[in-house]
Amino acid sequence: MSSITCSTTISSGATFLWLILQHVLPKGFRRARNFGFLHPNSKRLIALLQVVLKVMPSTDLTWMKPRPPFLCACCGAPMQVVRRRIPSARDRWRAASSAEGVSV
């Protein structure tokens, strides 16, 4: 059994709001965890950092569920992705570099 203890405190409205507003960022500030290598789409960068820093990543991937296949609405057969419309980060970087006149 776990020993979870709950406690109740009585405070004024101003104190309650002060406790809640400690977690709100001022206007113009952004959460830092959504930028850089902590962004959810930066798995390749995290893998590169693990190689460069010689950190052995956990090989236990039991927490990851396999992605279900895309199924055709008509026949129900699994579909295969042939082309995507969103350019990859590498393509966006090359386009920006060529616009600036930098050779890649």
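How much accessible surface does the protein chain have, and what share of it belongs to carbon and sulfur atoms? I looked this up first in the model, which is predicted. The accessible surface comes to about 11100 Å², and carbon and sulfur atoms account for 63% of it.

**Entry: overall make-up**

I then looked up the secondary structure. The protein chain holds three helices and zero strands, and its elements run α-α-α from the N terminus on. I also checked burial: of the 104 residues in the protein chain, buried residues make up 2%.

**Entry: largest pocket**

I turned to the pockets. The largest pocket has a volume of about 480 Å³. Two elements give two or more residues to its lining, namely helix H2 (43-52) and helix H3 (89-100). H3 gives the most, with six residues. In total, 16 residues line the largest pocket; Asn 41, Arg 44, Ser 88, Ala 89 and Arg 90 lie nearest its centre. By class, I noted that the lining divides into seven charged, five nonpolar and four polar residues.

**Entry: nonpolar patch**

Which residues make the nonpolar surface patch of about 740 Å²? I listed Phe 37, Leu 38, Leu 45, Ile 46, Leu 48, Val 52, Leu 53 and Val 55. I followed up one of them, Val 55, which is found in the loop between H2 and H3. Its relative accessible area is 45%. Val 55 therefore counts as partly exposed, as this value falls between the cut-offs of 20% and 50%.

**Entry: Lys 54**

In the loop between H2 and H3 I also looked up Lys 54. Lys 54 is not a glycine, yet has a positive phi of about 55 degrees. I recorded this because most residues other than glycine have a negative phi. Is Lys 54 buried or exposed? Lys 54 counts as exposed, because its relative accessibility is 75% and the cut-off for exposed is over 50%.

**Entry: Met 79**

I then checked the spacing between Met 79 and Pro 69: the two residues are 10 residues apart in sequence, and their C-alpha atoms are 7.2 Å apart in space.

Key:
Residues numbered from 1 in each chain as written. Predicted model: local features only at pLDDT ≥ 70, side-chain atom pairs only at ≥ 80, totals over all residues. Heavy atoms only, no water. 1 Å grid on protein atoms, 1.4 Å probe; cavity = no way out; pocket = protein on both sides within 12 Å on 5 of 7 lines; lining within 4 Å. Points joined across faces, edges and corners; volume = space filled by probe spheres on them. Helix = DSSP H or I, 4+ residues; strand = E, 2+ residues; numbered from the N terminus. Nonpolar A, V, L, I, M, F, W, Y, C, P; charged D, E, K, R; others polar. Buried < 20%, exposed > 50% of the residue type's maximum accessible area, 1.4 Å probe, protein only. Areas by Shrake-Rupley, 256 points an atom, 1.4 Å probe, with all protein chains shown as cover. Patch = residues over 30% accessible without salt bridge, like charges linked within 9 Å, V, L, I, M, F, W, Y side chains within 5 Å. Salt bridge = Lys/Arg side-chain N within 4 Å of Asp/Glu carboxyl O.
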